[in-house]
Amino acid sequence: MTCENKATSDVRENLPSALRRLTTADEVESTVGLPASAVMLKQISALDEGCRTVLARCPIAAFGYRDADGTSRTTFIGGTPGFVRVHSPTRISFSLPEPGDPHGPVSFFFLLPGVGEILRVNGSVAARKGAETTVDIAEAYVHCAQAVLRSRLWQPPAPAESVAPATPGAPAASAAEFADDGPLRRPGVAEFLAAAPFLALSTWDGSGGSDTSPRGDRQEVARILDGRTLVVPDRKGNKRADTLHNLLADDRLSFAALVPGRTGVLHVRGRGAITDDPALLETMALRGMPPHLALLIDVEHAEVTGSDAVARSRLWTPGAHVDRGTVPDLMALAGEHLAAGSAAAEGGPPAFLLKAVGAIPGMARLLRLVMNRAYRSGLRKEGYEDVEPGAGGGRRRGFLRRLPADDGGTGAGATERPLREVRIAEVRRETPSAVTLVLEDAGKDLEPFDFRPGQFFTLVADIDGRPVRRAYSASSAPGSARLEVTVKHVEGGRFSTHVHRSLRAGDRLAVRGPSGSFHTGPQLPDAPDAPDAPDAPDEIVLVAAGSGVTPMMSMIRSRLAVRQGRDRIALLYSSRSADEIIFADELTRLAKDNPDRLTVTHVLTSLDGRLDADGVRRWVTGLSPARYAHYYTCGPGPLMDAVQGVLTGLGVPDELVHQERYTSGADTQAVAATAPQEMTVEEDGRPVGTVVVEPGQTLLDAGLAAGLPMPYSCTVGNCGDCMVRLRAGEITQNEPNCLTPQQRADGYVLTCVGCPLSKVTLDIADQ
C-alpha cells in the first residue's frame with residue numbers, strides 16, 4: 001500500500017463522524033476568501049448576442065434540476081449543435097429525454113468541445129409539455145477554464161483498455177475494499193469513478209436558486225472512501241463558492257461524471273458536507289499542495305448509464321472541436337458582460353472605460369494571453385504540471401492537442417454517415433391504418449432520391465427527446481425529388497404511433513439510406529428473357545400481405561413508368577378487408593391502363609380466409625410464368641415460408657426468389673447488460689480498437705462513437721450490413737431481425753441491435 005493509500009485508509013476507518021465539518025458562511029469565507037467585485041458583476045440577466053451564438057454552436061450541456069418530489073438530478077442534454085431553442089433573451093426550451101419532471105429552479109453549463117471556458121445559465125422551469133422543457137432565464141455568465149484544464153477534458157482520451165480498471169496507486173478505495181454494501185458497489189460505478197476526471201455538480205440554495213458547476217481534477221475527480229461515501233477536492237477558484245454556500249442551506253446534491261472517450265455517464269445523488277480535515281486533504285495533495293477544502297458526499301444513488309447526448313455529440317471524435325471564428329472568445333464575452341454589469345452597478349469599474357478598452361484592436365487577443373498566463377500560474381501553484389491553457393476558442397494551438405484527421409473510414413478516424421434532413425411535404429391517408437409520408441429535402445435545393453425499387457430508408461424522429469429509428473420501404477419510384485414511405489400503424493409501436501398521431505406537413509425528420517438487397521434493377525426493355533440478365537427480368541411475380549405491398553408498389557410504379565416496356569407484372573395481394581387495401585384505387589387504375597403488363601389479384605382474409613400454400617400454388621400455376629421470371633415476396637413469416645415452399649416444389653431456382661422480412665427490431669428491447677462491457681474490434685484478426693460499451697448501448701453505437709470503422713446501413717436490424725462475426729464473449733440482440741438460422745449458427749451477430757453481456761471481441765472483416 002502506498003503512503004497516500006494508507007493515509008486514506010486510516011481516515012476511512014473513522015468516517016464519517018470523525019471529520020470536521022464547516023457549517024457557517026464565515027467558516028467557508030475564512031478559507032476561500034471573498035470574490036472580487038468584478039467576478040460578481042459579470043452576470044447578465046438575459047442572453048446577449050454572444051450567448052446566443054454559443055448556444056447555437058453548443059452540442060451538449062450539463063443540466064441540474066429537481067423532480068416534483070424534490071429528488072435532485074444532474075444529467076447531460078443535447079446531442080447536436082443548437083439543440084437549445086432560444087425564444088427570447090430570457091426564455092429557452094429543449095428536450096429532456098428522461099422520465100424526471102423538472103420543477104422550480106434549474107441550472108446549466110454549456111460545453112463547447114475544445115474550449116476551456118463554460119457558459120453557465122440559471123433559471124426556473126416555466127412550462128413542460130411532453131419532453132419539451134421551457135425555462136425562464138434569471139442569469140448567465142462565463143465560468144473560467146480551470147475545471148476543464150485540470151481534467152484535460154479535451155485532450156485525446158486515454159486508450160480504452162486503461163479506462164475501465166481503477167487507477168493504480170490512487171488514494172481511493174476499490175470496490176473490493178468496501179466493507180459495506182453501499183450504492184458505490186453497483187456494477188461499473190467504482191471503475192467509472194477511478195477514470196472520471198470531470199463532473200457537473202448541482203446544488204440549490206434556500207431562496208429558490210440553483211447552481212450547476214464544473215469540477216475537474218488530474219486524476220479521479222471524486223474519490224471513494226467507502227461503499228457510500230465520496231470525497232471531491234475543492235481547489236482554488238474564483239471564490240464565488242456557490243456550491244459551498246448552497247450546501248450550507250440545503251445539503252441535497254447530485255452530479256453527473258464523464259470519462260473522456262466514453263459515452264456513458266455516472267449519475268450520483270446524495271447529501272453533501274464541507275470539510276477542512278487536514279489528514280483527508282493531505283491524501284489529495286498534488287506535489288505537496290492539498291486542496292483548501294473538500295466535499296464529503298453521502299451517496300444515496302449511483303448508476304452508470306449510456307447517454308444519447310454524449311454519444312450523439314461525438315465529443316472526442318476527430319473534428320468535434322469548434323472551429324476558430326465560429327464562436328466568440330469566451331473571455332472576451334466575459335469582458336462584455338462585465339461592462340454591462342458595471343453599467344448597472346454602483347461602485348464598479350466605469351462601464352464606458354471597460355467598453356473602450358474592449359474596443360481597442362487586439363485587446364481580445366491580449367486578454368486571452370493574460371488569462372492563459374493566469375491559468376498556468378494558478379494551476380501550477382496548486383500542484384498541476386504540464387498546463388498549456390491555449391486560446392480557449394476552439395481548434396487552435398494551446399492546451400488542446402489536435403486529434404488525428406479523419407482517415408476516410410479506414411481506421412480510428414471513421415465517423416458516422418450524415419443523416420439527410422427532410423421535411424414532410426404531405427401526409428396522405430391510404431387506409432384507416434396506413435398513411436404515406438411525402439418527404440423532400442429540408443433545404444432550398446431539392447435533390448432527387450436515388451435508390452433501387454424495393455429498397456428501404458431508415459427514418460429518424462425525435463420522440464420524447466430521444467432519436468428513434470425505424471426502417472420503411474420506399475413506395476415511390478426512384479429519381480424523384482420527393483420520397484414516399486407508407487407507414488401502417490402498429491398497436492404499441494412507438495414510431496408508427498408518432499407518425500399517425502403527431503406528424504404533420506412541415507414537420508422535419510432525418511433519413512438514412514437507401515438500404516437492402518430486396519430490389520429490382522433498372523428496367524431494360526430490350527433485355528433478353530434469360531438468366532444472364534438477372535437485374536432486369538422481363539417478368540416479375542409479386543406476393544404481398546398488408547404493408548408488405550409498399551416495396552412492390554415502388555417496383556410497379558418504376559417499371560410501368562417505362563412506356564415501351566415489354567415486361568409482365570403479376571401481384572397477389574392479401575389484405576384483411578377491402579378498406580385495408582393500401583393503394584387500392586391506384587392499383588385498380590394501373591391494371592386498367594396497362595392490361596398487358598399488370599395483373600392484380602386480391603385476397604381478403606376476412607372473406608376468403610388466410611392465404612395459404614394451396615392458394616399460392618393455384619395462383620402461380622395459373623399465371624404460367626416464364627422460365628426465368630423473378631419472384632418477390634414481402635409479408636408475415638408464415639406467408640413467405642409458404643411461398644418459398646410452393647416455389648421450391650415447382651422447381652424455381654433459389655436465385656430467382658427474393659424475400660423481404662419486415663422486423664420490428666427496435667420495438668423489442670433486448671435484455672442489456674447492467675454494467676459497462678469492453679468491446680474489442682478486429683479486422684481479419686488484427687486489432688482495430690477497444691471501446692467500453694455502456695449499459696443500454698448497442699455495439700454499433702459504441703463503435704461509431706469511438707470512431708471505429710464499423711460497417712452498417714439501416715441501424716435497425718433489417719439490412720444485415722452491420723453483420724460481423726462474434727469471436728469471443730456473449731451478446732443479446734433484439735428479435736426478430738434479418739439474420740438467417742445459418743448465419744446465427746456460424747456465429748454472426750448484428751451490431752446495430754446487439755448489446756454485450758460480457759467482454760466481447762468482434763471481427764468486422766469476417767462478414
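S95 lies in strand β4, which spans residues 91–95; strands here are DSSP runs of E with at least two residues, and helices are runs of H or I with at least four, both numbered from the N terminus. The structure is a predicted model, in which local features need pLDDT of at least 70, side-chain atom pairs count only at pLDDT 80 or more, and totals for chains, interfaces and linings use all residues. Residues are numbered from 1 along each chain as its sequence is written, and side-chain values use heavy atoms, with hydrogens and water left out.

Is S95 buried or exposed? S95 has a relative accessible area of 17% and is therefore buried, a term that means under 20%, with exposed over 50% and partly exposed in between (1.4 Å probe, protein chains only). Leaving aside residues up to four places away in sequence, S95 touches I77, R85, A131, E132, D462 and G465, where contact means heavy atoms within 4.5 Å.

Attention now turns to a sheet. Strands of a sheet pair through backbone hydrogen bonds, either parallel or antiparallel. Six strands form an open sheet in the order β18-β17-β20-β15-β16-β19, and their pairing is antiparallel; two strands pair if DSSP finds at least two bridges between them. Strands β18 (466–473) and β19 (483–488) stand at the edges with a single partner strand each, so one side of each is left without a neighbour in the sheet.

Within this sheet, eight bridges join β15 (residues 420–431) to the antiparallel β16 (residues 434–441). E426 stands opposite V438 in β16. Helix α13 (residues 494–502) packs on the sheet and touches β15, β16, β17 (456–463), β18 and β19.

Key: Axes are lines fitted to C-alpha atoms, for helices over the stretch in contact, and angles run from 0 to 180 degrees between N-to-C directions.
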